[in-house]
Amino acid sequence: MTKTVLPALPHPDSTLSIWHRTTRSFPHLHANRLIPVPESTKYLIIGSGISGALTAWKLVESGVKGEDILIIEAREAVSGASGRNAGHIRPDAFRGFPDYAAFHGPDQARKVLENERDVLESVRNFVKEHNINSDFNYMRTFEVALTEEFVALFAKAMEDFKAAGGDTSHIKFYEGEDAKRETRVPNALCAYESPAASNHPGKLVQWILNDFISKGGRLWTHCPATRIIRAEDSTASLRWNVSTSRGIVAAETVVHCTNAYASYLLPELTKFIAPRRSQVNSFVPPLSLSGEYTLKHTMALRYKADHFFSVNALTNGMILLGGTGTRNNSDMTSEDLASLDDSKYSDRIAQNSTREFLSLCPEFEAKPLRHGEGLDHAWTGIIGMTADRVPLIGPIEGLEGQWICAGFNGHGMAGIFTCAPGLVKLMSGLSWQDTGLPECFQFSTERIDRFKRRAAKSTL
Ligand SMILES: Cc1cc2nc3c(=O)[nH]c(=O)nc-3n(C[C@H](O)[C@H](O)[C@H](O)COP(=O)(O)OP(=O)(O)OC[C@H]3O[C@@H](n4cnc5c(N)ncnc54)[C@H](O)[C@@H]3O)c2cc1C
């Protein structure tokens, strides 16, 4: 059984991802690191990942003055999952439909998948409109079945998704030799193709933060929020006092963009958002996957329900392998999974990924890798798994003036670009319907209690 992890602040000595290693000169990386926090702010956003950065940026776009917004970040800028993911914006085309339907019914499940498709287009348009250099690369992705079990699971998911009115016009199906040829995976049994993108998440979020700061916005890094209490004067507009490692800041509005760490400041979420460590390994390809043979699509290679590899191909030819299986995979221990410690990585998982990477290189048996080819780097990050597999968006009941955009289930790059703008619409007084988001994303105490109870029953 997976152990419960007690809420904690982000680990101070986290690993550096390849995204971090290639953006060390970002001028706001350590913004205001030694300066006490301002005494007050209208809007306080906690967390500088894509949720926090985009919420701040969208608030400014909606007419809020940059000077009225303060982002505080426990570590350096973009040091959470947004800076350490697999760089994949990969809408779930149909595969997750049965899971979402089991939690939320077929109608909501269809909306969850439609939302991911919208996100891909939103990021694509955003990057283009602002001419952002984040190595965004729109390309094909494949769901690849490597076992008969998965051939059947895919077929059923597709059938259920269609029956719920899901649009599958953007999905292509291949089997047998066609699947092997299209995916370049010799043991592929079948494959489903749909659009996705690879993207340097560090560069994208740094661009957003930089633009926010250039419009007067404020960012305090290395400044964890440790406690939030109500102002003594209940009529005060600055209703929340937020303690940080560098003083107390009074705020009218507090937005929790803390994803896997949300329950540290909101203990009622402890059994609803569970942190899970995940690892990504980067590889420098040899001859068979470089030059004219460079992989030009991304994939998920599926063995068992909880044993898969995500394969992302970057514009510079490097390949990232994430996934590597979860609870049922014997290569993983509960320490590997249920952890808030991103200061370590697992050598076992790196070796497992290396084996998988080599299986993609047909000439490997004939020719050993040269120094500099093969495993390049491994890092970890913490994902925030919710008890019902979808994020928590909206006002926090009982804590008037506090809002949340968190719980992205390891899929935030395919979710946040509609969720954060949706949250800003709600904050400006618009209705849930105006956000266009699936209703099941909405924060409610009833939802949290219901799914906490359900999760507790299933672990008995
Ligand atoms: C290894 C890995 C691979 C992934 N791969 C993919 C992928 O390929 N595609 C995809 O769609 N998604 C992927 N994800 C998930 C995706 O990265 C996340 O869903 C997304 O980045 C979440 O963004 P966020 O802004 O909500 O959270 P984060 O980026 O985690 O930001 C939260 C921030 O809050 C800060 N913080 C927390 N508590 C406090 C506090 N008390 N005070 C101040 N600051 C605080 C943290 O330091 C952090 O910077 C991956 C995640 C991981 C870890």
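A residue is taken to be near a molecule or strand if one of its heavy atoms lies within 4 Å of it. Of the 40 residues around the ligand, those that come nearest are Ser-51, Glu-73, Ser-82, His-88 and Gly-412. The structure is a predicted model, in which local features need pLDDT of at least 70 and side-chain atom pairs count only at pLDDT 80 or more, while totals for chains, interfaces and linings use all residues. Residues are numbered from 1 along each chain as its sequence is written, and side-chain values use heavy atoms, with hydrogens and water left out.

Polar contacts are pairs of N or O atoms within 3.5 Å; within protein, one atom must be able to donate a hydrogen and the other to accept it, and residues adjacent in sequence count only if both atoms are side-chain atoms. A nitrogen atom of the ligand lies 2.7 Å from a backbone N or O atom of His-88. An oxygen atom of the ligand is 2.9 Å from a polar backbone atom of Gly-412, and a backbone N or O atom of Met-413 lies 2.9 Å from an oxygen atom of the ligand.

The chain is divided into domain 1 (18-84 + 202-272 + 387-458) and domain 2 (106-200 + 274-385), with bounds from an automatic or database domain assignment. Taken over C-alpha atoms, the centres of domain 1 and domain 2 are separated by 28 Å. In domain 1, 36 residues are in contact with 35 residues of domain 2, contact meaning heavy atoms within 4.5 Å. The area buried between domain 1 and domain 2 (the accessible area, 1.4 Å probe, that two parts lose on being put together, summed over both) is about 3100 Å², and carbon and sulfur atoms give 62% of it.

Salt bridges were assigned where a side-chain nitrogen of Lys or Arg lies within 4 Å of a carboxyl oxygen of Asp or Glu. Side chains of opposite charge can pair when their charged atoms come close. By this rule the count comes to 24 salt bridges, and four are found across the interface of domain 1 and domain 2. Lys-203 forms a salt bridge with Asp-135, with the closest N and O atoms 3.2 Å apart. Another salt bridge joins the side chains of Glu-114 and Arg-110 (3.0 Å, N to O). Glu-114 and Arg-110 are separated by about one helical turn because they are four residues apart in helix H4 (residues 106-129), helices being DSSP runs (H or I, at least four residues) numbered from the N terminus.

Technical notes: Helices (H or I, at least four residues) and strands (E, at least two) are DSSP runs, numbered from the N terminus.
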